[in-house]
Amino acid sequence: MASRIAVQSLRGSSSLLRRQATAIPRLAAVPSRQYSDASRPPPEQRANAMIESLPGNSLISKTGTVVLGTGVAAAAISQELYVVNEETIVLVGTAIMFTFLARILKDPYKEWSEGHINRIRNILNTTRKEHTQAVTARIDAVQQMKDVVDVTKGLFALSKETAKLEHEAFAQRQKAAVAAEVKAVLDSWVRYEQQEKESEQADLAKAVIERVTKNLTDAKNQQDILNNAIAEVEQLVKSKAI
């Protein structure tokens with residue numbers, strides 16, 4: 001009785017599997033049309049890929065795994081340990097559909113991941129090259145400044161000499177300024193003394209002129225001057241000078 005129920009359930013499940021199997025290719029026909037027949041692997045390669053996906057190290061172990069799994073499933077169904085129902089069919093169909101989608105999306109995802117990895121690798125390589133160039137440029141700049149100590153010493157000695165010359169020039173300018181100021185003071189004193197002498201001479205001449213003028217206005221002085229003049233003229237006549 002149990003075997004009949006198992007056989008009937010297997011027949012029902014096989015019919016449902018056939019319907020599901022016919023429905024799945026119809027659903028997958030739309031995305032599969034995007035790929036050409038040339039891109040599909042040959043049947044031998046697909047068979048080998050399916051065999052390689054099975055657990056085991058050799059063909060015998062992989063075949064034994066399939067036979068053992070099939071026997072365990074048949075025994076479980078025949079002993080009513082597991083009852084095949086609609087949920088099982090849906091689960092199997094879903095697993096088949098997801099497996100098919102995974103195989104379809106495997107290559108595009110692989111290409112996308114490789115492109116993303118290559119893009120990140122290119123960015124890292126470019127960054128490394130730029131960093132290397134920056135470090136090299138910095139090393140070259142530092143090598144160009146290797147004589148900076150000697151140059152600094154020379155510039156320091158030159159600055160000391162320049163400061164010394166500037167100090168001497170400042171001292172000479174100060175001396176020249178002091179000499180010019182002293183000369184200006186002396187010139188002012190000379191001009192002042194000359195002005196004083198000229199003023200004294202003018203006063204003396206004025207006093208003499210005033211005194212002479214005053215003496216000339218005196219009648220006695222005029223008579224004396226006249227007498228002296230007459231005496232000098234007579235003397236000149238006597239001496240026959242005129």
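This passage describes the fold, confidence, surface and side-chain pairing of a predicted model.

The protein is helical. It contains 6 helices and 0 strands. Along the sequence, the elements follow the pattern α-α-α-α-α-α. Buried residues account for 6% of the 242 residues. The accessible surface totals about 21,100 Å². Carbon and sulfur atoms contribute 62% of that surface. Contacts between residues at least 6 apart in sequence were also examined. Of these, 53% join residues at least 24 apart.

The mean pLDDT of the protein is 75, and 69% of the residues score at least 70. Among the elements, helix 1 (residues 2-32) has the lowest mean pLDDT, at 42. Helix 5 (residues 148-216) has the highest, at 88. Where pLDDT is low, predicted coordinates should not be read in detail.

A nonpolar patch lies on the surface. Its members are Met 97, Phe 98, Phe 100, Leu 101 and Leu 105. Together they present about 450 Å² of accessible area. Phe 98 belongs to helix 4, which spans residues 86-144. Phe 98 counts as exposed because its relative accessibility is 52%, and the cut-off for exposed is over 50%.

The count of salt bridges comes to 1. This bridge joins the side chains of Asp 187 and Lys 183, with an N to O distance of 3.1 Å. Both residues lie in helix 5. They are 4 residues apart, about one turn of the helix. The two partners fall into separate accessibility classes. Asp 187 has 29% relative accessibility and therefore counts as partly exposed. Lys 183 reaches 53%, so it counts as exposed. Helix 5, which holds both partners, is also the element with the highest mean pLDDT.

Toward the end of the chain, an unreviewed UniProt entry lists residues 202-239 as a "coiled-coil region". In the model, this span is 92% helix and 0% strand. The C-alpha atoms at its ends lie 40 Å apart.

Key:
Residues are numbered from 1 along each chain as its sequence is written. This is a predicted model: local features need pLDDT of at least 70, side-chain atom pairs count only at pLDDT 80 or more; totals for chains, interfaces and linings use all residues. Side-chain values use heavy atoms; hydrogens and water are left out. UniProt positions are given in the numbering used here, feature names are shortened, and annotations may be inferred rather than shown by experiment. Helices (H or I, at least four residues) and strands (E, at least two) are DSSP runs, numbered from the N terminus. Patches are made of residues with over 30% relative accessible area and no salt bridge: like charges are joined within 9 Å, nonpolar side chains (Val, Leu, Ile, Met, Phe, Trp, Tyr) within 5 Å. Accessible areas come from the Shrake-Rupley method with a 1.4 Å probe; for residues, only the protein chains shown count as cover. A salt bridge is a side-chain nitrogen of Lys or Arg within 4 Å of a carboxyl oxygen of Asp or Glu. Buried means under 20% relative accessible area, exposed over 50%, partly exposed in between (1.4 Å probe, protein chains only). Contact means heavy atoms within 4.5 Å. pLDDT is the predictor's confidence in each residue, from 0 to 100.
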